Number of protein chains: 2
Amino acid sequence: MSRKILIVDDLATNRIILKVKLNAACHETLQAVDGSSALRLAREEQPKLILLDMVLPDISGIEVCRKLRADPATWHIPVVIITASTDRESRLRALEAGADEFLTKPLNEVILLARIRSLLRAHETESELRMRSETWGELDLAEGETVFSMPGHVGLIAAEPAVAMNWRNALAPHLKERISILSPTTALSDRPQGGVPDIYLVAANLGAQGSGLRLVADLRSRVQSRHAAIALVLPEAEPEAAAMALDVGANDLLTLPLDPQETALRVTLHVRRKRRADQLRRSVHKGLRMAITDPLTGLYNRRYAIAHMDRIANKARETGRRFAVMLLDLDRFKSVNDTYGHVAGDAVLETVASRLRDNLRPADLVARIGGEEFLVALPEATLGTARLAAERLCRVIGDHPIPLPEGRGAVTVTISVGLALGPDLAPETRDPAATARDTLARADAALMAAKTEGRNQVTISSAA
Amino acid sequence: MSRKILIVDDLATNRIILKVKLNAACHETLQAVDGSSALRLAREEQPKLILLDMVLPDISGIEVCRKLRADPATWHIPVVIITASTDRESRLRALEAGADEFLTKPLNEVILLARIRSLLRAHETESELRMRSETWGELDLAEGETVFSMPGHVGLIAAEPAVAMNWRNALAPHLKERISILSPTTALSDRPQGGVPDIYLVAANLGAQGSGLRLVADLRSRVQSRHAAIALVLPEAEPEAAAMALDVGANDLLTLPLDPQETALRVTLHVRRKRRADQLRRSVHKGLRMAITDPLTGLYNRRYAIAHMDRIANKARETGRRFAVMLLDLDRFKSVNDTYGHVAGDAVLETVASRLRDNLRPADLVARIGGEEFLVALPEATLGTARLAAERLCRVIGDHPIPLPEGRGAVTVTISVGLALGPDLAPETRDPAATARDTLARADAALMAAKTEGRNQVTISSAA
């Protein structure tokens, strides 16, 4: 990303005026004189924002905006359309084309710069999320379409419910979104009736219930609404108040009387953007889950198991209660794969995994740490309870044949288990990680012994 | 987390006054009458914030604060100490004990609520990060200590450099942090000389250079400073301006004349908190990297390779240029493990991985998708270029013996390669993912053929 702002205008004077204003606010700029060079620069230079004149010599600003939005290389760049015209039609067309804002010349500098700050702030947050979720792959597109086609939820907050009801009546014909009327109090409650809105429309003047600006700040600080979109509804264009609202965290400004069609377009845009950010957050979360799980069985993987063993040892030192570790290995598993094929082998591993999980306590850890090798860690265990658990696991695996896929019958597999009880750790023990490693090594030696002594059995490490 | 605010005060009237104020601002509350019940409630209920009276019947508020900070279950909860005393010593002790803020009775409601909003906002951001990084394991503690012991960087911004220089002279004796003097312009530049500060101290009045409040908003919107701490320096206690500054994104407020010791304590606190958040962000990033890489070789893993294949097929449809896939398998690798042991086997896999990586283009994908099986995807390939690449890989592996660890000599391994060229995709092709799967299956069949026909060779799938 070039971190520059792209100015698109065919008139040199206009470009220079904007450049001076932006440079004074410490933004670097790029310039384009027509639509096609704007599109090329947007792709190549990845500006952080585009200020786009509506009237250009080759293609219209609207068309440029539409093309920017359709191109995966540029769709995320914020676009502000600037025009001398004040007509409503152009404004609606600009928003329909995907413009983030529409400003009329002569530009109010305070508003322009506050808009830029607000768009950049939102854009950076989204970029950061996108960068993270792209580390591990694409969005789950199937989920994406379901999410985007679900209607959103709009919350209206005005000084009087009657005012909000008027807004609702005006907006409803233009929106597929569900619309709720809220008071400042219900808006701030932890679990608002009807769910948390995707976007709040907040009147700047809430009468006896305080200032809309403060409510915006309050919504931004609450866990349930901090990622929602917020538009402040101002009685008239007041540049200073408007700028402050954007800086406090409003995503958009609307002026009374509300233009229903324009408001609906803006609301739709914000709902879509908020959904995208929610999806990116989920995708980061999913990526992080993947880092610690085994894809076949859904159990934790080796990496997680080793880290978690350290925590269990640490906890044992704090509580003074010992922990136990088992290493489990399927006996002669290769012959299952060789006889029935890999698909059957995978099905056996899945069944073994779910039997292990179902026969342990929630606090116990079960992980698949190798092809047919599993680790079980039991916090707060005694040798007695751990041995009983190990013997139970042997039985639940070995006593019941495992059905094979495609009706190919069933196969009986057995496991060998090596069990070791962690040492009695004094609180001053320096290195619980070393303790975890030692205990694991003892469990491994016990597993070797179980294999040598005929398999399908539990062997307990004698040293402790 | 209970999402409640814990009020700790031994006087019922004080608790009721606070409870009424907080309820009016839609915060639910919990109450404690002494230090020990405060500590218990903090652990059990996990309040989102604690308002703590300085004087309590059992242990002092300072002591409660210290204990909260020392306990892993409560150290992250924001604490505001409230007191009737205005003496400087208590204030310093409260900050030293880890309090986030210190407010004097009678409480100014505007300031109290703005502080709460600001602390909750910061706290929620940190909680979200922490939750994510904990999904996959603990922080890298070794890294943590290095990071926290490095001195931070403080940027001072006042109307005149002479004023900032006075601040620096006053603060320097109390801080190990490096201190820079910046103008609003240098503070906003992309790559400020001397690096980006961890914390900015910004004068509310910047004279001819505008308002400090606006600069705070501007710093919050810039990619380099958006995660930094910011304290606004006010000429006097002005509740409305102070509240606005917090809502716009300042983390702290300081009043002139600066108390050097208090300022230093606050700066240190903010630097530490910012470092912790930076570390959490890195740890999320690292977790996401782990989700897509093979820990032994550092190559991409199977999960990533399959997702990436879909993208390559999609791209091929867009550009009209074909892609190729190779599946590579080490010949008779089991004998290496059996003869030389797993450690030697792992070393061989690592060397093979780095030879593959070094002999492909940056845009090509190399992944380890099984024990000794690798996948290579070549975007924009022809059968000719892909075959040359495959033959080159065969040679760079088979022609040079691989040294074994611990001076145990070297071993020569060969690979078999199955190669398939993706089909010529029409732009209207519905499902690039299916194309990717088909091509992979053809490469797999070709690999089987290579194995059957004597290994150490490239076999090309005939169908395309």
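Reply: Start with burial: a residue is buried under 20% relative accessible area, exposed over 50%, and partly exposed in between. This is a predicted model. A:Tyr300 has a relative accessible area of 26%, so A:Tyr300 is partly exposed.

Me: Is A:Tyr304 buried or exposed?

Reply: A:Tyr304 has a relative accessible area of 8% and is therefore buried. For chain A, buried residues make up 54% of the 464 residues.

Me: How many aromatic pairs are there over all chains?

Reply: The count is 2. In one of them, the ring centres of A:Tyr300 and A:Tyr304 lie 4.0 Å apart with the planes at 15 degrees, so the pair is stacked; planes under 30 degrees apart count as such. B:Tyr300 and B:Tyr304 also form a stacked pair, because their centres are 4.0 Å apart and their planes at 15 degrees. In that pair B:Tyr300 is partly exposed at 26%, while B:Tyr304 is buried at 8%.

Me: What does the secondary structure of chain A come to, and why is chain A more spread out than a compact globule?

Reply: Chain A has 16 helices and 17 strands. Its radius of gyration is 31 Å, well over the 23 Å from the globule rule for 464 residues, so chain A is more spread out than a compact globule. Along the principal axes, the C-alpha atoms of chain A fill a box of roughly 90 × 50 × 50 Å.

Me: Where do the charges of chain A lie on average?

Reply: Chain A has 60 positive and 59 negative charges, and their mean positions are 3 Å apart.

Methods
Residues are numbered from 1 along each chain as its sequence is written. Chains are lettered from A and ligands numbered from 1 in the order in which they are written. This is a predicted model: local features need pLDDT of at least 70, side-chain atom pairs count only at pLDDT 80 or more; totals for chains, interfaces and linings use all residues. Side-chain values use heavy atoms; hydrogens and water are left out. Helices (H or I, at least four residues) and strands (E, at least two) are DSSP runs, numbered from the N terminus. The radius of gyration is taken over C-alpha atoms; the globule rule is 2.2 Å times the number of residues to the power 0.38. Buried means under 20% relative accessible area, exposed over 50%, partly exposed in between (1.4 Å probe, protein chains only). Lys and Arg count as positive and Asp and Glu as negative; His and the chain ends are not counted. The place of a charge is taken as NZ of Lys, CZ of Arg, CG of Asp or CD of Glu. Rings of Phe, Tyr and Trp (its six-membered ring) pair if their centres lie within 6.5 Å; planes under 30 degrees apart count as stacked, over 60 as edge-to-face and the rest as tilted.
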